[in-house]
Amino acid sequence: MKQAGCTQIVEEIASGAKTARPVLDEIMRNLREEDTLVVWKLDRLGRNLAHLIHLTTQLLEKKVGLISLNDPIDTTTAQGRLIFGIFASLAEFERELIRERTQAGLKSARARGRKGGRPKGMNPTAIEKAAIAEALYKNGTIPVKKIAEQLAISKTTLYLYLRSRGVVIGEKTERVVTR
C-alpha cells in the first residue's frame, strides 16, 4: 500500500463476507470528491459481487476513484470504468438468473401441491403460553408489559395469543372479591 502511494492505511479484521463492516462504513463516510480508495484485492472489499457493485457505484457517485492493486480495476481511468461496467452487467445477469430460477422452483412446487411459507397455527409451547397469558390478563392485576416479560414474549405476540383464544382486548373484566 505504501509503495502504491497511499497516505492513509486502515485495516479491517472482519471478513469481507460479513455484513457489519464498521471500518469500511467509516471509510465510506469520510471519502471526499477526488479521493481514491485503494484496496489490496476486490474480494476483500465486498461481501459478494452485488455488494461490490453497490460500493463501487457509491464511490462513482461521490466522484471517488477505486484502485485494486491485484485486480484490473482502476475506476480513475476510462478502461477501468469499462471493466467495472462489464462486471456490473455480469452481476445484474446473475441476479436475474437467480430470480428466474427461484420463480420456476416456486411454480414447480405449487404444481406439485406444495405451499410455501410458515405453517399456520401454534406449536404446543405457544398454546400453553397463550392459556397462561389469558389467565393472567383476565386476572386484571398484572400489567400487559409484565405478563409479556414473564412469558418471554413481545407485547405483540401476547396480544396475538390472546386474540387466538377469543379474548377481547381492552375490555375490563369484572372480578368479584370476597373478604
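**View 1. Glutamate 134 and lysine 138 sit 4 residues apart in helix α4 (residues 124–139), so about one helical turn separates them.** Helices here are DSSP runs of H or I with at least four residues, strands are runs of E with at least two, and both are numbered from the N terminus. The model is predicted, so please keep in mind that local features need pLDDT of at least 70 and side-chain atom pairs count only at pLDDT 80 or more, while totals for chains, interfaces and linings use all residues. Residues are numbered from 1 along each chain as its sequence is written, and side-chain values use heavy atoms, leaving out hydrogens and water. Glutamate 134 and lysine 138 form a salt bridge, with 2.9 Å between the closest N and O atoms; the term stands for a side-chain nitrogen of Lys or Arg within 4 Å of a carboxyl oxygen of Asp or Glu. Glutamate 134 counts as buried at 13% relative accessibility, whereas lysine 138 is partly exposed at 40%. Buried means under 20% relative accessible area, exposed over 50%, and partly exposed in between, with a 1.4 Å probe and protein chains only.

**View 2. Arginine 165 also forms a salt bridge with glutamate 134.** Here the closest N and O atoms are 2.4 Å apart. This pair links distant parts of the chain, with arginine 165 in the segment after α6 (155–164) and glutamate 134 in helix α4, 31 residues apart. Arginine 165 is partly exposed, with a relative accessible area of 39%. Together, Glu134, Lys138 and Arg165 are linked in a network of salt bridges.

**View 3. Within helix α3 (residues 78–111), arginine 99 and glutamate 96 lie 3 residues apart, about one turn of the helix.** The two form a salt bridge whose closest N and O atoms are 3.3 Å apart. Arginine 99 is partly exposed at 45% relative accessible area, and glutamate 96 is partly exposed too, at 35%. In the whole structure there are 5 salt bridges.

**View 4. Met1, Ile9, Trp40 and Leu69 make a nonpolar surface patch of about 370 Å².** Patches are made of residues with over 30% relative accessible area and no salt bridge, joining like charges within 9 Å and nonpolar side chains (Val, Leu, Ile, Met, Phe, Trp, Tyr) within 5 Å. The areas come from the Shrake-Rupley method with a 1.4 Å probe, and for residues only the protein chains shown count as cover. Look for tryptophan 40 in the loop between β1 (36–39) and α2 (49–61). Tryptophan 40 is exposed, with a relative accessible area of 51%.
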